[in-house]
Amino acid sequence: MSADGDSGRVNQRDLEPGVQRDFRRAMSYGDYLHLDEVLSAQHPLSVPLRHDELLFIIQHQTSELWLKLMLHELRSARALLHGDDLRPALKRLARVKHIQATLTEQWSVLATLTPSEYAEFRSFLASSSGFQSWQYRAVEFILGNKNADMVAVFDHHPEAQAMLRELLHQPSLYDEFLAYLHRQGHEVPAQLLDRDWSKPYHFEPDLVPTFTRIYEHAHDHWMAYEACEELIDVEDNFQLWRFRHLKTVERIIGSKRGTGGSSGVPFLRKALDLTFFPELYAVRTEIQDVAEPPQPTS
């Protein structure tokens, strides 16, 4: 009888003859992924060492890896829009949405950290804060939330600052989408096609009729219609991430100030009012009902 109690069945899977076993000269999984570097990059600072600090570090390191991939996909989507190649651009945005879902769900792991557990090592963070994530700021920049004042925060990191400065002065994903629509024959106000890209995008009421036509005649403008909805999905997901961030912080530190000097939860709450694609929300109000209402019977 086998160890699992089922006569005649061995609870073991034998290695197949062709499975690679000798990695003295061959590349291994760990070699390809540089796992020695990745798995040795966690350095808790608490003294005495607190059990829950590793959770906090890994949560934020994995978030930065996902942000790196998100930025990679958004850069590609923007370039594809610039080249009028919409279909693969939408594929990039579909992947971005899955990354966003993963990032949002990660907050549930950090939310297992209780206030008393966090208090045991919070002081060891000193002035470090997620506010200082240059990759998060880069994602906001490429989506259109430009803020030149943020560039100065990274004086200590020339490479990060150079990346942000470059993104600051480049068209955002939405800017490229509007330029794409213009080249496809849709009416886009001229001031949106040649503006100071370093400024945050502001609502343009003259653009709303264009989106109204796209939505009310979706069968004639299906690709543009689908792209609008993909962008709305990205923004909705971003707002969900912001909200889960806020509620996780509120759950763990309440109304305390942030380690980086912000007001904490009130500062995070202000971000919920920011929008990347304002006309895509405004158009919802303008779309007319087309179904005939039922007629009263005599």
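The model is predicted: local features need pLDDT of at least 70, side-chain atom pairs count only at pLDDT 80 or more, and totals for chains, interfaces and linings use all residues. Residues are numbered from 1 along each chain as its sequence is written, and side-chain values use heavy atoms, with hydrogens and water left out. The structure holds 13 salt bridges, a salt bridge being a side-chain nitrogen of Lys or Arg within 4 Å of a carboxyl oxygen of Asp or Glu. Helices (DSSP runs of H or I, at least four residues) are numbered from the N terminus.

**Salt bridges**

- D175 and R195 form a salt bridge in which the closest N and O atoms are 3.0 Å apart. D175 belongs to helix α8 (residues 173-183) and R195 to the loop between α9 (190-193) and α10 (208-216), so the pair ties together parts that are 20 residues apart in sequence. Both D175 and R195 are buried; buried means under 20% relative accessible area, exposed over 50%, and partly exposed in between, with a 1.4 Å probe and protein chains only.
- R284 pairs with E229 in a salt bridge, the closest N and O atoms being 2.6 Å apart. This pair links distant parts of the chain, with R284 in helix α13 (residues 278-286) and E229 in helix α11 (residues 222-253), 55 residues apart. R284 is partly exposed, at a relative accessible area of 36%, and E229 is partly exposed, at 27%.
- E250 and R269 meet through their side chains in a salt bridge of 3.8 Å, N to O. Distant parts of the chain are again linked, E250 being in helix α11 and R269 in helix α12 (residues 265-270), 19 residues apart. E250 counts as partly exposed at 30% relative accessibility, and R269 is partly exposed with a relative accessible area of 41%.
- E73, R92 and R95 are joined in a network of salt bridges.

**The second largest pocket**

- The second largest pocket has a volume of about 170 Å³. On a 1 Å grid over the protein atoms alone, a pocket is an open set of points where a 1.4 Å probe fits, with protein on both sides within 12 Å along at least five of seven lines. A volume is the space filled by probe spheres set on the points, which are joined across faces, edges and corners.
- The lining of this pocket consists of V38, L39, A41, Q42, I58, Q61, T62, L65 and K68; lining residues have an atom within 4 Å of a point.
- Helices α2 (35-39) and α3 (53-82) each supply at least two lining residues, and α3 gives the most, with five.
- By class, the lining has five nonpolar, three polar and one charged residues. Ala, Val, Leu, Ile, Met, Phe, Trp, Tyr, Cys and Pro count as nonpolar, Asp, Glu, Lys and Arg as charged, and the others, Gly among them, as polar.
- L65, one of the lining residues, is found in helix α3 and counts as exposed at 54% relative accessibility. L65 and Q135 are 70 residues apart in sequence and 9.3 Å apart in space, C-alpha to C-alpha.

**Nonpolar surface patch**

- M27, Y29, Y32 and L33 make a nonpolar surface patch of about 530 Å². Patch residues have over 30% relative accessible area and no salt bridge, and nonpolar side chains (Val, Leu, Ile, Met, Phe, Trp, Tyr) are joined within 5 Å. Accessible areas come from the Shrake-Rupley method with a 1.4 Å probe, and for residues only the protein chains shown count as cover.
- M27 is found in the segment before α1 (29-33) and is exposed, with a relative accessible area of 59%.

**Helix α8**

- Nine of the eleven residues of α8 are buried, so this helix is largely enclosed by the rest of the structure. Among the buried residues are L173, Y174, F177 and L181.
- G185 follows α8 and has a positive phi, near 100°.

**Backbone geometry**

- Most residues other than glycine have a negative phi, and most peptide bonds are trans.
- The peptide bond from V47 to P48 is cis, with omega near -5°, and P48 lies in the loop between α2 and α3.
- H34, which is not a glycine, has a positive phi of about 55°. H34 is found in the loop between α1 and α2 and is partly exposed, with a relative accessible area of 45%.
- A126 also has a positive phi, near 55°. A126 is found in the loop between α5 (115-119) and α6 (134-143) and counts as exposed at 53% relative accessibility.

Definitions and conventions. Patches are made of residues with over 30% relative accessible area and no salt bridge: like charges are joined within 9 Å, nonpolar side chains (Val, Leu, Ile, Met, Phe, Trp, Tyr) within 5 Å.
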